[in-house]
Amino acid sequence: MKKLLKILAVLAAIAAVLLIGALIALKIMFPPEKVKTLAQNYVRQNFHREIVFSDVSFNLIGVTLKDFALSNHGSFDPDGTFAKADRAIVKVALKPLFKKRIEISTIGLDGLDITISKDQQGNFNFDDFLTAENAPQKTENAPTPTTKNVSTQQDAAQAAPFVITAERIYANNCNLFYRDLQSGMDASVTRLNLQINQFDMQAPFEVDFSFTTDYQDNDGLTITIPVKASLQVALANAQWEKAYAVLEQLTLNYQEIAFQLSAKADNFLNPSLDLKGSVAGLSNKALADVAQELPNFILPSVLFSAKAKLDLNTSSAKIEQAKLSIQDSSITAKGNMGWGDEKTTYQIKTDLALNLGQIAQMSTLTDGFGLGGKISGQITASDKNQGQDVKGTLTMKDLAVQYPPFSLAQLNGQVILNSLNDISTSELTALFNNEKLTASFAYKNLADILDLVINLDLAKFTLQSFSSSQKDETDTPKTEEKNKEQNTTEPDTKNTTETFFNIKADIKVGEIAVPYFSTQGIALKADLKKASASMKQANGQVGFELQQGAITDLDSFVKENKIVKILLLPFSLINKVSSKLGVEIFPIQSKEDKGKIKFTSGNGAYRFTNGLMTIENTSFISAISNMKAGGSLDFKTEALDMKVSATILTSQTPVVIKIGGTMSNPSGKLDVASTAVSLVGGILNYKTPIKVAKTTGQTTQAVVTKTTDTAVGAVNTAVDAVKSIGSLFKSKKKEEKEDKAQ
């Protein structure tokens, strides 16, 4: 036994001597200067670059390279450096070689810097490494690979006699720089430290790394984010379908923002991913450097998770579940995606659960809106129909929102999406300004025409004042208003694209009390095609009925709303023209009612034909007068052709006015013939004033206050009407004389 040990010791000594001799021979054959010259010539001939290093040394089964540097290609500043390193070292363990194992004890990089550049033409400074002329040339005598040869090579590789492991692989203080001359953007990964312990192709091994990312652009934005991660990797001896990686933790921090992620990936050929993580500290303050104009907000911890299977051969993924949640609110999705073609394809199903009350507390942007309630539902979306294929149902429970002076509470119902161009609701119930509301709504986009269906029933609507912006408009001094009217011209709509609407509406509102207007109730129905702001192509019908009420300032009231302006446009024009003529179409009942238009009922029936509005049946009836109007308004030409008949009930004598001109500049004149005939009839009707008094006792008593004899009051009213007509005749004759004189 001792003899055998001596023999082995001698053999080991001989092997050591031979190895040392081989190393000495290697150093003699390839001294550092010769190695440097060979490397420099190779790089110059193949890559047109320069390579330098201060020293190369061959250790016992290892090599160390010091102060290595590789220059840029000639077109990228030949004096610049593409890559450099303070030291690169490779050491192989000696003993395992005898067991047909290559065990690398150390692979290390110290101070490696790589600079990647992109020039103004979009070329990178590493493109020459990828060109075809730098690819290895095919040897003429080399056999063309066949399926059999390839299979044999793969089998041979898998049956290789050597097993490769590495006790330690590291990189210390390494940096990667990127400069984009096209956009002026600079980015970098600095202070990269990598540590791999017990690297093995057949067994799992640990990987730890950390680095700092830096970003800077031409606008002065600078972002620095430190990143740290640890993971476990199993390469399954290059059987990639069995390989996996487990990211135990990845963290990055920016300002007060903390991001954490853990994940697992199985099967490197077609990975299955399972990840989860969180983001904390998101706020406008933390993002101030990136976005300075964000509203004030602070988000609680945001949690996310995802499970997906990727098919790298077809460039597609099946998302089993993806979830994003903040407190009680969450969005969960699943479906399929593909990115292999020019257009990304997707088919996603999403479940929503939103707590608006909690969300509102995350930002000052929602202060004062009183958001509350919950929204839940399910939505599916695909890339079909140019991304318009969105279907689903959203359920609203006890929604609340305030937009002073309006408030909405206890809103319940459903929103039904057939597509982004087809949205409707079930019957909605709510409290609007604390009054009961039921409503439904439908919207369709039909060939660039918005089709709207609105049904609404509101018990009562009370409003103390309009918003400040509306009030500012109505508080403009009358002199300024007149100047505005004179200088205002209709906008040129010839070169402006209008939005057209098809509108079907059935609206009922109970008692209304708003600035400038009150009524015991209103009913509105509309069926319009191609309605727009100009109404130049409108077709269809609109009708409304008003119960008892009053308009305190007609001009101000019609300015508050476009719909009101159209509905009351005939009355607004009548009021304007009658004021110019000095005729009271809407007489007051008492001094306290000065400026008011009181009515016991009112209605309007308008028919639209290609922008021509025909007034079919329009009237205002009050306790002392009736006003009826007919005619037409042409929205294309603004031309007016209207006739108004106003009758004071105590005289039964109508005053008839013809209105012409345009909507922006209406004009009117007394219809003398019609008025005179009516006047005579009115006087004849009062041959028996006592009888009239009996039949109209209550009415005349309400009109002629402080008078005991209502019959006398009626006759006086008729006489006043005659005087008014006479004064109009005189004015007319006077104007004719003045015209002739001129």
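These numbered points go through a predicted model of one chain, from overall confidence down to single residues.

1. Overall make-up. The chain carries 15 helices and 36 strands. Of its 742 residues, 34% are buried. Its accessible surface is about 44300 Å², and carbon and sulfur atoms account for 56% of that. Take the contacts between residues at least 6 apart in sequence: 48% of these join residues at least 24 apart.

2. Confidence. The average pLDDT of the chain is 76, and 69% of the residues reach at least 70. Residues 1-23 have a pLDDT below 50, and this stretch makes six contacts in the model beyond near neighbours in sequence. Residues 132-161 also fall below 50, with eight contacts beyond near neighbours. Where pLDDT is low, predicted coordinates should not be read in detail. Please keep that in mind when viewing these two stretches.

3. Strands 28, 31 and 32. Strand 31 (residues 601-609) pairs with strand 28 (residues 539-546) through seven bridges, and the two run antiparallel. Within this pairing, valine 542 stands opposite tyrosine 606 of strand 31. Strand 31 is also joined to strand 32 (residues 612-621), again antiparallel, by seven bridges. Here asparagine 603 faces serine 619 of strand 32. Strands 31 and 32 form a hairpin with two residues between the strands, and asparagine 610 has a positive phi near 50° there.

4. Most residues other than glycine have a negative phi, and most peptide bonds are trans. Asparagine 267 has a positive phi, near 65°. Asparagine 267 sits in the loop between strand 12 (257-266) and strand 13 (272-280). Glutamine 327 is not a glycine either, yet its phi is positive at about 50°. This glutamine lies in the loop from strand 15 (316-326) to strand 16 (329-338).

5. A cis peptide bond. Proline 404 is linked to proline 405 by a cis peptide bond, with omega near 10°. Proline 405 belongs to the loop between strand 19 (390-403) and strand 20 (406-419). What is the C-alpha to C-alpha separation between proline 405 and glutamine 464? The two C-alpha atoms are 8.2 Å apart, although 59 residues separate them in sequence.

6. Glutamine 464. This residue is placed in the loop between strand 24 (449-462) and helix 7 (468-474). Is glutamine 464 buried or exposed? Glutamine 464 counts as exposed because its relative accessibility is 73%, and the cut-off for exposed is over 50%.

7. Glutamine 347. Strand 17 (residues 345-355) holds glutamine 347. Its relative accessible area is 54%, so glutamine 347 is exposed as well. Leaving aside residues up to four places away in sequence, glutamine 347 touches Lys334, Gly335, Asn336, Ala381 and Ser382. Its C-alpha lies 9.9 Å from that of valine 390, which is 43 residues away along the chain.

8. A nonpolar surface patch. Which residues form the nonpolar patch on the surface? They are Phe369, Leu371, Val401, Tyr403 and Phe406, with about 400 Å² of accessible area together. Phenylalanine 369 is located in the loop between helix 5 (356-360) and strand 18 (372-382). Phenylalanine 369 is classed as partly exposed because its relative accessibility is 30%, and the partly exposed class lies between the buried limit of under 20% and the exposed limit of over 50%.

Technical notes. Residues are numbered from 1 along each chain as its sequence is written. This is a predicted model: local features need pLDDT of at least 70, side-chain atom pairs count only at pLDDT 80 or more; totals for chains, interfaces and linings use all residues. Side-chain values use heavy atoms; hydrogens and water are left out. Helices (H or I, at least four residues) and strands (E, at least two) are DSSP runs, numbered from the N terminus. Buried means under 20% relative accessible area, exposed over 50%, partly exposed in between (1.4 Å probe, protein chains only). Contact means heavy atoms within 4.5 Å. Accessible areas come from the Shrake-Rupley method with a 1.4 Å probe; for residues, only the protein chains shown count as cover. pLDDT is the predictor's confidence in each residue, from 0 to 100. Two strands pair if DSSP finds at least two bridges between them. Patches are made of residues with over 30% relative accessible area and no salt bridge: like charges are joined within 9 Å, nonpolar side chains (Val, Leu, Ile, Met, Phe, Trp, Tyr) within 5 Å. A salt bridge is a side-chain nitrogen of Lys or Arg within 4 Å of a carboxyl oxygen of Asp or Glu.
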